[in-house]
Amino acid sequence: MSEQSAGALDEPIRVLTAKVGLDGHDRGVKIISRALRDAGMEVIYSGLHRTPEEIVATAIQEDVDVIGLSILSGAHMTLLPRILQLLKEREVLDRFIVVGGGVIPDDDVEVLKKMGVSDILGQDTAPDYVAVRIRELVSDRGPRA
Ligand code: B12
């Protein structure tokens, strides 16, 4: 997608769904990817075992609106901050909405939100609600600069 069209709110929302590290739990991310696609979004699924560097490079290259990380390994307090740090280093933190899902304790959710993760939708979240929430976050952001 060109930089021009990425700014318009009537363009389909582009989402990178991703698995980072050794986490092999891919049922949730596949369900969410399908639900977002069914809701009219353009979804790129990273596949398993990506590095934070690969996720950031793919997000930039694919010009997505949302980076959606699915983490059930317990490594969320390492991986999510690392991704935020890489986005910051590349001066693109403001360009992306970062959301998470998986097995993430409530206390950690609060800390991660303070660090810059827009929302975390964990176990038992209805897939349809994930699509609604992502639409809401993109709409709150407004057209891209
Ligand atoms: C099924 C399962 C497995 C399957 C995975 C099959 C697969 N291909 O996915 C198998 C048997 C392979 C497995 C293996 C292991 N597992 Co396991 N597994 C589970 C289990 C029982 C269910 C996970 C699941 O599929 N849930 C159903 C899906 C639909 O839910 P979900 O992924 O949470 O997704 C939902 C939300 O989180 C959210 N969501 C998910 N992703 C995203 C992304 C975005 C962007 C958004 C917005 C939302 C979102 O939306 C989804 C819909 O509601 C959980 C326990 C549990 N209750 O979660 C343990 C669990 C995740 N496993 C665990 C462990 C420890 C392991 C093993 C290390 C065990 C071992 N010693 O071998 C291995 C690791 C394997 C690996 N390489 O990673 C632990 C993790 C502990 C932790 N995080 O601290 C858990 C929590 C069990 C426990 N209570 O101890 N596991």
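User: Which element gives the most to the shell around the ligand?
Analyst: That is α2, with five residues. Helices (H or I, at least four residues) and strands (E, at least two) are DSSP runs, numbered from the N terminus. This is a predicted model, in which local features need pLDDT of at least 70, side-chain atom pairs count only at pLDDT 80 or more, and totals for chains, interfaces and linings use all residues. Residues are numbered from 1 along each chain as its sequence is written.

User: Which residues come nearest to the ligand?
Analyst: Of the 28 residues around the ligand, the nearest are G24, G28, G68, S70 and G101. A residue is near a molecule or strand if its C-beta atom, placed from the backbone, lies within 6 Å of it. The elements giving two or more residues to this shell are α2, β3 (66–71), β4 (97–102), β5 (119–122) and α6.

User: How do the shell residues divide by type?
Analyst: Eleven are nonpolar, 13 polar and four charged. Here Ala, Val, Leu, Ile, Met, Phe, Trp, Tyr, Cys and Pro count as nonpolar, Asp, Glu, Lys and Arg as charged, and the others, Gly among them, as polar.

User: At what angle do α2 and α6 cross?
Analyst: The axes of helix α2 (residues 27–38) and helix α6 (residues 127–141) cross at roughly 60 degrees and come within 9 Å. That makes α2 oblique to α6. Axes are lines fitted to C-alpha atoms, for helices over the stretch in contact, and angles run from 0 to 180 degrees between N-to-C directions. Angles under 35 degrees count as roughly parallel, over 145 as roughly antiparallel, 65 to 115 as roughly perpendicular and the rest as oblique.

User: Which residues meet there?
Analyst: From α2, I31, I32, A35 and L36 meet P127, D128, V130, A131 and I134 of α6. The residues of this contact divide into eight nonpolar, no polar and one charged. Two residues are in contact if their C-beta atoms, placed from the backbone, lie within 7 Å.

User: Moving on, how far apart are the axes of α3 and α4?
Analyst: The axes of helix α3 (residues 52–62) and helix α4 (residues 76–89) are 9 Å apart, and the two helices pack at an angle of about 45 degrees. That makes α3 oblique to α4. In α3, P52, E53, I55 and V56 meet L79, R82, I83, L86 and L87 in α4. This contact has seven nonpolar residues, no polar ones and two charged.

User: And α4 with α5, parallel or antiparallel?
Analyst: The axes of α4 and helix α5 (residues 106–115) cross at roughly 10 degrees and come within 11 Å. That makes α4 roughly parallel to α5. H76, M77, L80, P81 and L84 in α4 meet D108, L112 and M115 in α5.

User: Finally, how many helices and strands does the chain have?
Analyst: The protein chain has six helices and five strands, and along the sequence they follow the pattern α-β-α-β-α-β-α-β-α-β-α. Its radius of gyration is 14 Å, close to the 15 Å that the globule rule gives for 145 residues, so the chain is as compact as a globular protein of that length. The radius of gyration is taken over C-alpha atoms; the globule rule is 2.2 Å times the number of residues to the power 0.38.
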